[in-house]
Every structure is written in structure tokens, then in C-alpha cells.
Amino acid sequence: MQLFNEEELKKVEEIKSHYPSPQAALLPMLWMVQEKEGWISPDSMKYAGELLNVPYEHVLGVVTFYTMFNKQPRGKYHLQICTNVSCMLRGGYELYNYVSEKLGIKNNETTADGMFTIEEVECLGSCATAPMMQVNNKEYYENLDTSKVGKLLEEFRNHVK
Amino acid sequence: MNIILKDIKDFHRIDVYESNGGYSAFKKALKEMSPEDVTNEVKNSNLRGRGGACFPTGLKWTFMPKTGDKPKYLCCNGDESEPGSFKDREIFERNPHQFIEGTLLACYAMGIKAAYVYIRGEYYKWINLLQAAIDDAYKKGYIGKNILGTGFSTDIYIHRGAGAYICGEESALMNSVEGKRGYPRVKPPFPAAFGLWGCPTTINNIETLANVPEIIRNGAEWFSKIGAPKHPGTLLFGVSGHVNKPGVYELPTGTPLMSIINDTCGGMLDGKDIKMVIPGGSSMPPLTKEECLKANMDNESLKEFGSSIGTAGVMVMNEDTDILKVLIRISKFYYHESCGQCTPCREGTGWLLRVLKRIDSGQGRISDLDLLTSVAQNIEGNTICALGDAAAWPVKWTVKKFRQEFEKRIPKEDVEVPVRNKVHSLR
Ligand SMILES: Cc1cc2nc3c(=O)[nH]c(=O)nc-3n(C[C@H](O)[C@H](O)[C@H](O)COP(=O)(O)O)c2cc1C
Ligand code: SF4
Ligand code: FES
């Protein structure tokens, strides 16, 4: 398996130069894998381990420890809705339940068309603009309510077309 | 009084920061001060860590060995995952260069060759903002080899987390930087002796470091006179929950809590009454309404109520709040985030959650309240890291201070059963 192209391999070398031991480049490299593939497959874990000279078992241990690393493919839009206390006080559960019912999926499930995955997540450091959700580990959508999130879901759907 | 969040347009830009005195403290230190001078200034300022434990920053820096040939490291803690905390993010966005300058001063003071800024993986946007600022500082020659021709060299790298609250704990953070699972380490040895890759290491919070340039610019005495004498300076209060204007506000330590709620945050949402306030992130013991009226927001004052300033994440809850539901949500968090290394934490957090849920389901017994306290006390102080305490404190203190909220949820025809039977009924 040759997952990374030349440019990406250069990037790996650059990252390795930040640390005195190649193993330390594992998390940044796993992020690169996930950016590229959307998740981290056993084959990618083997590849990452070989590149950094770290045993596969260690890589597996790391991938399974951190919740943001996807152990299986996710929907095109991975909706991460916070239900921790500050969000809960301002309607986090209402938001989560609305999206869950509207899409007909439960926590960590993906819609049949592969469009959406929903996940209940812990505090995302956005408590003053609650309730909120993050999409695909990137964009924050803050100060939400059910009507705003309904519109967002429509937008996501349409962009894909 | 703003030391960090200044009201200057485009302050996040390096040119704007420089034209307002930015990087002058670092230049001054390089030219006129010895590394010990910098540490002493920080020590005399009485700056205390903003990551939750309030440890005196200057004192921590003196723990680093001055001799020896091992490289030394700094970890800047931007994991910011304690529920109710969202202040470091504001620094990355609004004043990244002051944090970078503080990091450089810390590196100079302790002779550090590389600093790793650990930022939670979810802060993708803020990681990019900080990286852009770091790149600009490299271009201007503030970071890198032979800085400003002085012969001093240091590097700053961002290390992105991947979703694990425990990686905010300093020794778990170091394991995570090393490319391992984020398991806390048994202490001693302490990081200053055996840290990253076994080398001397200091860990400081982002806000702590962002204070340092202003201390060097204006002097220790100036800083030590701001706010509460034993815990001086300002804090970035992150206020959330049932107030009209939630947000991050920089105020002197010791500001009365009610002034933050009423004056700064525009009062309670819909004019409701306060029921409970958590003053410093979800692991801190809560305050009752009566306590809120008396509380000043610094560590010494909050001790009076059995609480602490923590991360200064203030979570405000009104009279309609279901305290049991809040405590269940808090306990669920710590149960989920326990790394599982120590039995009291791994098992105890599950017990707390299940007993609380049992009360919520209407099957609680009055003895469950003592059971909760006893489980919490058996976790506290018996674990490798303070996550165990963080899980125990809110339960112990909420049950103590809001006992009637729990009692009213327990059926009257309560029958006492021996504890041993309860163990089984929890499953
Ligand atoms: C479970 C746990 C989580 C923590 N999370 C953070 C965090 O997200 N950010 C932080 O600065 N400190 C956190 N801390 C505290 C750190 O271990 C450490 O004390 C702090 O970063 C030191 O910086 P300071 O002295 O500047 O406050 C956490 C501690 C524990 C036990
Ligand atoms: S106290 Fe909890 S989180 Fe900390 S090391 Fe022990 S099991 Fe892990
Ligand atoms: S509680 Fe939801 S972002 Fe903090």
C-alpha cells in the first residue's frame, strides 16, 4: 500500500523534524490519513506504522484511544452535536433529538445514502454560543436552534448535488 | 482592566501587535535581562497558573535544572476540554502574538530549545489561526535559530490533539506529544525532572503564558497590585448558561460573582432567579444562590465555599434547572473520559453515574445519597491523576449543598436495603 504521494511524504518528513523521535509524528500523520481517506483503516494503520517504524499494535492502540479518529467510514457530513451542561441548559438535547429524528438515525449511525452521521459529543469549548455543533471535525455552527439546523441540513444536502 | 484581550482593532496581526509595544518585552529580556531575571520577575509578580490548579508560575520555572546536557522542553497547554471552559480559544483568535511572546520569554528563562503547543483536535480553526501567527513570528526572526542575532534559538510547534479530555492533564499531554495513548504518568518523577522523552519539561496553560509579556513590560509590582492580592491579575471569565450575554470577559481577580452576572453579562435570562453556579468548569464544587451573593472570583475567596476558581468557566443555572440532570450529565462526562488506569476512577465514575440515574428513574433510596458521598470519597485522592478528584468533587458537593433537590426525587416508601444488595441492583 502506498497511501501518500511524494508531496505528502515530504510533509511527513517535515513533521518528523519537529520531534527528536519519529513516533511523535504519529498523531499528526494519522490526521493526514484521516483528511485523505475520511477514516483510518487497518491498512492505513499498518502503513503509518511502517513509515514511522512503530509496531501496528501501537498504532491501533493510539487510534482507538482518541475519539476523533474514525475507526469506520463516516457520512459525508459528520454532525457532532454537543450535549454537555452549558449546551444542555440552552437546548443541546432538543437540537440533538431534532436532528436524530429528522435523519432517522441514532448516535454514531449513518444515513442509508451515506450523507449524514450523527454523534453526541462532549463540550467543544463553545459554551457561550450554545447550543452548537461541529461538522467533520472542522467548522463550528454556533447559537443554533431547530429551525437553523433544519436549514443547515437542507444546505448540506443541496451542495452535494 | 485588560491585560490580554485588548480593545485594539486587528490586534491579532503581527504588525499591529508590534506597533502597540508587542515583542518589546522579549527584546528587552534578550538585551538587558538574564534568564534568572525573567524568572524572578514572574515569581515576584505572584502570577498563578490559569490551567486550573493555581500553581505559582515563577516557582514552577525554578524547578527546571540549570545544569545538565539534556534538552529542555516547554508544553503550552491549550487542550481546553473541561466543560464550561472556552477562554484559551479567545487568545488564539484575538491575541496570539502575546501568547507567542510569553512562550518565548518562558523558553529564554528556562533555556528551552523547543515548545510544543498542545491544542485540542476540535479547535481546527484556532490551530490554523495560531499557526499563521507562528509563521509570521518566524518570518520576523522572533522564533528559530539565532533569534535577533543574540545566539538564542528556540522553536515553537503545534501538536494537534484528537479528542481526549485526559490529554489536558500534564503527564497525559506529554505522552500524547510522544505519539502514545494519553495515559497520565505516576508522579514522582515530576516533569521538571523527567518529562518529554525523559527530559526536563515545564507545562503551562495558554493564558498563563499570555500574561508574561505584560509582566516583563510593566514590572512585577504593577501586576501584583491588580485584583486580589493572593491571586493577582485578571482572569478570562467564560460565562455560559442562563445569562443574557454569555461570553468571555477579562476582569480582575476578586470581582464579585454577582457583578459578573448582573453588570457584565446583563443579568439572568428572562429575569429568573439563580439556583446554582459552577464557578470554574464542571469539576469545581457548585455555589448556592446565597453563596453567589457573597462570592468573589478568586481562588482564596472561593475556598470559603469549598470551591476553587478552576478554569474560570462560570456556568450559571436558573431556578428552573433540574440539578439532578445536570449532575448526571457531569458524571457521564467524567465516566466517559476516565482513561481506565486506576480502579477507583474507572469503576467509581460508573458507580456515581448509575446511582444518580437510579435516583432519576424514581428508584432511588435515601441511603443512595450517602452511597454517592462514600463512592466519591473513595475516589478522591486515591488515583494517579486529578481526573478522579474532578469526578468526585461535583457529586460530593452538589449532594451536600443541594440535598433537598435529591431527596424530593426519592420515593417516600423508601426501604432500607443493605449496601451489598445495592451493588447488584446497580447492574
Ligand atoms: C483531567 C485534567 C484535565 C486538565 N485539562 C487541562 C486543560 O485542558 N488545560 C490546562 O491548561 N490545564 C489542564 N489541566 C491542568 C494541567 O495538568 C496543568 O496543571 C496545567 O496545564 C499547568 O499550567 P498552569 O500552571 O499554567 O496552570 C488538567 C488537569 C487534569 C487533572
Ligand atoms: S484518575 Fe482516572 S483518568 Fe486519571 S489516571 Fe486514573 S483512571 Fe486515568
Ligand atoms: S457545553 Fe457545549 S460547547 Fe461547552
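Predicted model: local features only at pLDDT ≥ 70, side-chain atom pairs only at ≥ 80, totals over all residues.
Me: A salt bridge is a side-chain nitrogen of Lys or Arg within 4 Å of a carboxyl oxygen of Asp or Glu. How many are counted between domain 1 of chain B and domain 2 of chain B?
Reply: Side-chain values use heavy atoms, without hydrogens and water; residues are numbered from 1 along each chain as its sequence is written, and chains are lettered from A and ligands numbered from 1 in the order in which they are written. Glu300(B) and Arg48(B) meet through their side chains, with 3.5 Å from N to O. The count between domain 1 and domain 2 of chain B is one salt bridge.

Me: Which domains does the assignment give for chain B?
Reply: The bounds come from an automatic or database domain assignment. For chain B, this gives domain 1 (14-225), domain 2 (229-318) and domain 3 (323-426).

Me: What area is buried between domain 1 of chain B and domain 2 of chain B?
Reply: The C-alpha centres of domain 1 and domain 2 of chain B are 27 Å apart. Arg48(B), Arg50(B) and Phe86(B) lose the most area on the domain 1 side, together 29% of what that side buries against domain 2. Buried area is the accessible area (1.4 Å probe) that two parts lose on being put together, summed over both. Carbon and sulfur atoms give 55% of the total here, which is about 1,700 Å².

Me: How many residues of domain 2 of chain B are in contact with domain 1 of chain B?
Reply: Contact means heavy atoms within 4.5 Å. Domain 1 of chain B brings 18 residues to this interface, and the residues of domain 2 that they touch number 26.

Me: How far apart are the centres of domain 1 of chain A and domain 2 of chain A?
Reply: Chain A is assigned domain 1 (6-65) and domain 2 (77-160). The C-alpha trace of the chain spans about 50 × 35 × 25 Å along its principal axes. The distance between the C-alpha centres of the two domains of chain A is 29 Å.

Me: In what order do the elements of chain A run?
Reply: Helices (H or I, at least four residues) and strands (E, at least two) are DSSP runs, numbered from the N terminus. Chain A has seven helices and four strands. From the N terminus, the order is α-α-α-α-β-α-α-β-β-β-α.

Me: Which three residues supply more than any other three of the area that chain A buries against chain B?
Reply: The interface joins 42 residues of chain A to 54 residues of chain B. About 3,800 Å² is buried between the two chains, 59% of it from carbon and sulfur atoms. The three residues that lead on the chain A side supply 17% of its buried area: Phe65(A), Leu89(A) and Glu122(A).

Me: Which element gives the largest share of the side of chain A that touches chain B?
Reply: Three salt bridges are counted between chain A and chain B, and one of the pairs is Glu142(A) with Arg89(B), with closest N and O atoms 3.1 Å apart. On the chain A side, two or more residues each come from helix H2 (26-37), helix H4 (56-65), helix H5 (85-89) and strand E2 (116-121). The largest share, five residues, comes from H4(A).

Me: How many residues apart are Glu207(B) and Lys87(B)?
Reply: The whole structure holds 41 salt bridges over all chains. In one of chain B, the side chains of Glu207(B) and Lys87(B) come to 2.9 Å, N to O. Glu207(B) is in helix H9 (residues 206-218) and Lys87(B) in the loop between strand E1 (73-78) and H5 of chain B, so the pair links distant parts of the chain. Their separation is 120 residues.

Me: Which residue does a cis peptide bond join to Lys187(B)?
Reply: Pro188(B) and Pro189(B) are joined by a cis peptide bond with omega of about 5°, and Pro188(B) lies in the loop between helix H8 (170-177) and strand E4 (201-205) of chain B. The bond from Lys187(B) has omega of about -5°, and its partner is Pro188(B).

Me: Over which residues of chain B does pLDDT stay under 50?
Reply: The mean pLDDT of chain B is 96, with 97% of its residues at 70 or more. The model as a whole scores ipTM 0.97 and pTM 0.96. The stretch under 50 has seven contacts beyond four places in sequence, and covers residues 423-427.

Terms used
pLDDT = per-residue confidence, 0-100.
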